[in-house]
Amino acid sequence: MIPTVRDSHQGKDPLAGLALAALGVVFGDIGTSPLYSMQTVFATHHNDVRPIPEDVYGVISMVLWTITIVVSFKYISLVMRADNEGEGGILSLTALLRDNVTSTRRIAIVTALGMLGAALFFGDSVITPAISVMSAVEGLSVVNEGLQAWVVPASVAILSVLFFFQKLGTAAVGRFFGPIMALWFLTLGALGVPHIISHPQILGAVSPHHALLFAIAHPFIAFIAMGAVVLTITGAEALYADMGHFGKTPIRLAWFVLVFPCLALNYFGQGAMILEDPATVNNPFFNLAPSWATLPLVLLATVATVIASQAVISGAYSVARQSVRLGLFPRLLVRHTSKLEGGQIYLPAVNWILFLGVLALIAIFRSSVNLAAAYGLAVTGTLILESLLFLSLAHMVWKEPAWKIGVYIVVVMGVEVAFFGANLAKVVSGGWLPLLIATMVLMVMTTWRKGYALVTAHRRELEGPLDEFVEALRESDIPRVPGVAVYPHPNHETTPLALRSNVYFNHVVHQHVILVEIVNENVPHIRHVDRVRVHDLGFEDDGIVHISVHVGFSDSQDVPKGLALAVGRTPELDIRPGDAHYFLSVLTLQPTGRSRMSRWRKQFFVLMANNAASRTDVFHLPPDRTAVMGAEMEI
């Protein structure tokens, strides 16, 4: 078992400091939901939900109990127990299950659920920046109706700046995110209090009987309302996904002390205001504020939505990198934007794909209300998939009794399935969007997995057994030349093609030959002292040695650093890393083979393989000391 560590700052920073920092990352998405969720509820399906007491009390009751069941009960109390060495998120949960399940069939099912959840997350990552920023900028129309025409251009400008500055990292401004979001949540609560005081009866909506009566009296309208009420818990999965950055206790503290109370006050306030003045239903959030405070509120809301968008974009980078490590995506270039925090990364390809997707959504939907129809399906789909994986863990690994699992299915999944059903009704009006994005992502994942498996099988045939090659080399009279040759290679059973090419064409072998295998572990981090292992190839005097560098899915695949950690462990590794030259084995693929894979998928796989990030960059190899050698292969 490879020892692992959690993020070091969890043990150093005070609890209050971590809780404050969590506000800026974990709760940005759910914290900006009041901007558009209630407006969407009353605007959905031709205003079927009316601003009358029966409907308002029913909706507010639905909102409060949805947040209580899904966020407080499911995520805060239960799901956050399922940590993978301190890390959370759907792919971490998938990896945790794969490590603890022996059945091949179950592993395949778990992997499929994880892939689908990750695919839906990318749909969420495209929609969140667009809907969040647009909903904030739409406050301009409350200040002056003539400014409505500027909503789309202003949203595009703000998001363009956000995406263009991603390459600089968030370290410089990240420290301000927490205090700004603390101000935002306090503002949410403060906006609701005056309206609650003027109409205190709204507090009665805390009783779930209002939601039940609403559903019984108007089942169709309640069903339609549920499709929009789910918007109040967008970003709930972030509590689990970002657990590794801050720990369970700071997230729980921030939720129960500040976030949940302020959200409840704001939703109570919106309900009270609508009862007092039904005309405010056109934009309930910004109508909470007095006229003199609307413009400052728009500015604060815009900053809050940018922070929320940043958190989702950073999450997309992390999920994409985890997908690469799990063999679901081709190699992607990862740039670290901080020398201190390994989790602060930038993936150019992911960044620009998200940016183009966000621009397309704004151009197509043009308002947050229109875009909300697309949002709910991605959210509810992710909720259900994480519940299925969590229940699998509870049943197969934790061996929880059947009655506990039954209670979870009834209380939590019953709500989530109802929400999912309500959002299926909106497939035509926008729900098709996350399904389309998820389908495209799944196509990439399945094509890459199948194509990579075929290439790996063919490649092993070309490479041949390593032990036979070493034995033949030992018995030959091929001359040795001074120098250190390092061959990054995915396993220790076969011979790197670059090494074979060097021997067959140049008829020489370097004095020191080091094969380096990067081993991706299904854990977040591996300590440096435990990262490198040296493997015996049978002979101590042939100058050939194999080392494995074990990395977690949040660690860098830095081959030179791994080599430096191995120096001096055996006489064969008595070298200077700065003198090493690196030789990469590269295959040129052709989609003309007879493998069982449709031609278009072969072509798509070859396209992805040819455009994957350079292994020189992925392995952090020095370009001036790296040579590429290889062969051609048909698939």
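Ring pairs join F163, F164, W352 and F355 into a cluster; rings of Phe, Tyr and Trp (its six-membered ring) pair if their centres lie within 6.5 Å, with planes under 30 degrees apart called stacked, over 60 edge-to-face and the rest tilted. The model is a predicted one, where local features need pLDDT of at least 70 and side-chain atom pairs count only at pLDDT 80 or more, while totals for chains, interfaces and linings use all residues. Residues are numbered from 1 along each chain as its sequence is written, and side-chain values use heavy atoms, leaving out hydrogens and water.

Across the whole structure, the search turns up 17 aromatic pairs. One of them brings together F122 and F329, a tilted pair because the ring centres sit 5.8 Å apart and the planes meet at 35 degrees. F122 belongs to helix α7, whereas F329 is in the loop between α17 (294–325) and β1 (335–336), 207 residues apart; helices (H or I, at least four residues) and strands (E, at least two) are DSSP runs, numbered from the N terminus. Both F122 and F329 are buried, that is, under 20% relative accessible area, against over 50% for exposed and in between for partly exposed (1.4 Å probe, protein chains only).

Then there is Y487 with F583: centres 5.3 Å apart and planes at 25 degrees, so this pair is stacked. Y487 lies in strand β3 (residues 480–488) and F583 in strand β7 (residues 580–590), so the pair ties together parts 96 residues apart in sequence. Y487 is buried at 1% relative accessible area, and F583, at 11%, counts as buried too.
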